[in-house]
Amino acid sequence: IVNKYFGPVFNAAVSLGNSVAGHCTTLSSSVSGAFYPLIVNKTGEGAFDEVRVLGLRASRLSSVMILLFAIPLSLEIREVLKLWLVQPPAFVAEICVAILVKLSIEATSDGYWMSILSRGKSIVKYSMTVCWAGFVLMGSVWLAFALGFGMLSICVGFLLHAVWLVGWRIYWGGRLCGVGMRMWFGKVFSPLLIICLLTCSLGFSVRFIMEASFLRVIMTTLICEVFFMPAVYFLVLDSDERRYLNGRISAVMAKRGIDR
């Protein structure tokens, strides 16, 4: 569609956006790789309550791993691209942000697809519904192009793709695994949304006191992460996760104390 309306040169913007997003999903993919075997094992044991807990936990942690990089990067994407490419292609910043938002939204339901696939039931129906996300992407992009939205049509398509995919994951998660919309909204989406809005507001405030520069990129990143990590600890992690994290920190500190 990009070739048809704008020519091959504009594919560079989409390719660069996917490249940037790929680096941000590395840790999130590691979370999925760690949780999926455990979810499958618990499903085999019939411990479905634990599967629900693990699914929600995987969704939260996958999202946190993406947002850790995506928030400051989205706020300073134009300056980062200038430092990296000197003269970045047109629309690449907008497409990068759209892809990062898309991946962040989709990550909030990562635990759902793991739980669904681990059940081994209705996988064909689930796959048929989520595969339509690709058609939604293509159709919405084509329609937006036809209506004159230009290259921003790509952004529209990515966001609709994410909404479609998450919506069906939650539907099948509620139907097959007993983890419905209310649980997802209360334990995953709401706390993450609050933290994102607050972190973005703090990071954006740097623009009022500093001009665009490499130093501003550093300051924005520092301010975002200094607020984001404690906020995740108190608002996103549940009591068991905080207890586990405290134990790991105490163990590391004790070991370093012995080494000294």
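Student: This is a predicted model. Leaving aside neighbours within four places in sequence, which residues is L137 in contact with?
Tutor: With those neighbours set aside, L137 is in contact with G157, F158 and H161. The term applies because contact requires heavy atoms within 4.5 Å. L137 itself is found in helix α8, residues 123-146.

Student: How far apart are L137 and L160, in sequence and in space?
Tutor: They are 23 residues apart in sequence, and their C-alpha atoms are 6.7 Å apart in space.

Student: How many aromatic pairs does the ring rule give?
Tutor: The count comes to nine aromatic pairs.

Student: Why is the pair of W132 and F135 called tilted?
Tutor: The ring centres of W132 and F135 are 4.9 Å apart and the planes stand at 45°.

Student: What makes W132 and F135 about one helical turn apart?
Tutor: Both lie in helix α8 and they are three residues apart, so about one helical turn separates them.

Student: Why is W132 called partly exposed, and why is F135 called exposed?
Tutor: The relative accessible area of W132 is 49%. Exposed means over 50%, and partly exposed covers the range from there down to the buried limit of 20%, so W132 is partly exposed. F135 has a relative accessible area of 54% and is therefore exposed.

Student: What makes the pair of W184 and F189 stacked?
Tutor: Their rings are 5.0 Å apart, centre to centre, with 25° between the planes. Because planes under 30 degrees apart count as stacked, the W184 and F189 pair is stacked.

Student: How do you know whether W184 is buried or exposed?
Tutor: W184 has 8% relative accessibility and, because buried means under 20%, counts as buried.

Student: Which residues form one aromatic cluster?
Tutor: W164, W168, Y171 and W172 form one such cluster.

Student: What lines the largest pocket, by class of residue?
Tutor: The largest pocket holds about 480 Å³ of space. Of its 23 lining residues, the closest to the centre are L67, V101, S104, C196 and C200. By class, the lining has 16 nonpolar, four polar and three charged residues. Helix α6 gives the most to this lining, with seven residues.

Conventions
Residues numbered from 1 in each chain as written. Predicted model: local features only at pLDDT ≥ 70, side-chain atom pairs only at ≥ 80, totals over all residues. Heavy atoms only, no water. 1 Å grid on protein atoms, 1.4 Å probe; cavity = no way out; pocket = protein on both sides within 12 Å on 5 of 7 lines; lining within 4 Å. Points joined across faces, edges and corners; volume = space filled by probe spheres on them. Helix = DSSP H or I, 4+ residues; strand = E, 2+ residues; numbered from the N terminus. Nonpolar A, V, L, I, M, F, W, Y, C, P; charged D, E, K, R; others polar. Phe/Tyr/Trp six-rings, centres within 6.5 Å; stacked < 30°, edge-to-face > 60°. Buried < 20%, exposed > 50% of the residue type's maximum accessible area, 1.4 Å probe, protein only.
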